[in-house]
Amino acid sequence: MGLPWPRLWLKRLWVLLQVAVHVAVGKVLLTLFPERVTQHILSLGQQTGMAKNPHFTHDNWVPTFFSTQYFWFVLKVRWQQLEDMTERGGLAPNCPVVHLSGQRCNIWDFMQGNRPLVLNFGSCTPSFLFKFDQFKRLVEDFSSIADFLIIYIEEAHASG
């Protein structure tokens with residue numbers, strides 16, 4: 001699966017340019033128009049659920065946008081997405097993961113015969129945590145016919 005190497009590197013170069021321009025323009029706009037850009041980011045937070053947690057204020061996560069760490073994170077995610085292509089009805093990519101015990105394995109290692117494997121990707125963001133109870137109910141309701149796996153992904157925003 002994935003793209004041939006020359007084509008992959010051309011696409012990576014294109015993604016690098018896109019992310020660099022996105023972060024540079026965002027940083028300039030955040031510097032010139034901090035209130036307006038903050039309002040826009042907050043409206044995105046409303047759509048994703050990030051702004052729903054009263055203990056997780058926008059002062060914690062708005063400043064992380066357009067930072068160096070943000071640049072590297074977005075670039076890494078976008079590059080990984082280039083290699084994680086699959087076709088509808090095809091097999092999901094067998095991505096590497098690290099078990100809670102520290103053991104390295106792949107997603108397919110969690111499959112049990114022909115049982116469906118339901119994957120839930122998330123990090124400790126308010127939107128993920130607010131929906132965790134719904135996911136627990138799905139597990140309770142359908143664990144007799146499917147297996148469930150939560151894959152913790154890297155945080156999208158800098159901490160501290």
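**Entry 1: aromatics**

I searched the whole structure for aromatic pairs and got five. I looked at Phe65 and Tyr70 to begin with: their ring centres are 5.5 Å apart and the planes sit at 35°, so I put the pair down as tilted. That label follows because tilted covers whatever falls between the 30 degree limit for stacked and the 60 degree limit for edge-to-face. The model is a predicted one, which I keep in mind for everything below.

Next I took Phe71 and Trp72. This aromatic pair is edge-to-face, with 4.9 Å from centre to centre and 75° between the planes. I checked the accessibility of both partners. Phe71 has a relative accessible area of 15% and is buried, whereas Trp72 has 52% and is exposed. Trp72 gets that label because the cut-off for exposed is over 50%.

**Entry 2: Phe66**

Phe66 itself is in the loop between helix H3 (58–61) and helix H4 (68–83). I looked up its backbone as well: Phe66 has a positive phi of about 70°, although it is not a glycine. At 10% relative accessibility, Phe66 counts as buried.

**Entry 3: Val74 in helix H4**

While I was on helix H4, I stopped at Val74, which is found there. Val74 has 18% relative accessibility and therefore goes down as buried. I also took a distance to Val23, which is 51 residues away along the chain: the C-alpha atoms of Val74 and Val23 are separated by 9.5 Å.

**Entry 4: the salt bridge**

How many salt bridges does a search of the whole structure find? I got one. The side chains of Arg115 and Asp147 meet in it, at 3.0 Å from N to O. The pair links distant parts of the chain, 32 residues apart: Arg115 is in the loop between strand E2 (104–106) and strand E3 (117–122), and Asp147 is in strand E4. Side chains of opposite charge can pair when their charged atoms come close.

I compared the cover on each partner. Arg115 is at 27% relative accessibility and counts as partly exposed, while Asp147 has 18% and is buried.

**Entry 5: around Asp147**

I stayed with Asp147. Its strand, E4, runs over residues 147–152. The side chains of Asp147 and Arg115 also turn up in my list of polar contacts, at 3.0 Å. Which residues touch Asp147, if I leave aside the neighbours within four places in sequence? I noted Gln112, Arg115, Pro116, Leu117 and Val118. I also looked up Met111, 36 residues from Asp147 along the chain, and found 7.6 Å between the C-alpha atoms of the two.

**Entry 6: the nonpolar patch**

Over to the surface. I found a nonpolar patch of about 540 Å², made by Val21, Val25, Val28, Leu29, Leu32 and Phe33. Leu29 lies in helix H1, which covers residues 5–32, and with a relative accessible area of 37% it is partly exposed.

**Entry 7: the whole protein**

Last, I stepped back. I count six helices and four strands, and read along the sequence they follow the pattern α-α-α-α-β-β-β-α-α-β. Of the 160 residues, 27% count as buried. The protein exposes about 11,600 Å², with carbon and sulfur atoms supplying 61% of that area. For contacts with a separation of 6 or more, I got 62% from residues 24 or more positions apart.

How values were computed: Residues numbered from 1 in each chain as written. Predicted model: local features only at pLDDT ≥ 70, side-chain atom pairs only at ≥ 80, totals over all residues. Heavy atoms only, no water. Helix = DSSP H or I, 4+ residues; strand = E, 2+ residues; numbered from the N terminus. Contact = heavy atoms within 4.5 Å. Polar contact = N/O pair within 3.5 Å; in protein donor to acceptor, adjacent residues only side chain to side chain. Patch = residues over 30% accessible without salt bridge, like charges linked within 9 Å, V, L, I, M, F, W, Y side chains within 5 Å. Areas by Shrake-Rupley, 256 points an atom, 1.4 Å probe, with all protein chains shown as cover. Salt bridge = Lys/Arg side-chain N within 4 Å of Asp/Glu carboxyl O. Buried < 20%, exposed > 50% of the residue type's maximum accessible area, 1.4 Å probe, protein only. Phe/Tyr/Trp six-rings, centres within 6.5 Å; stacked < 30°, edge-to-face > 60°.
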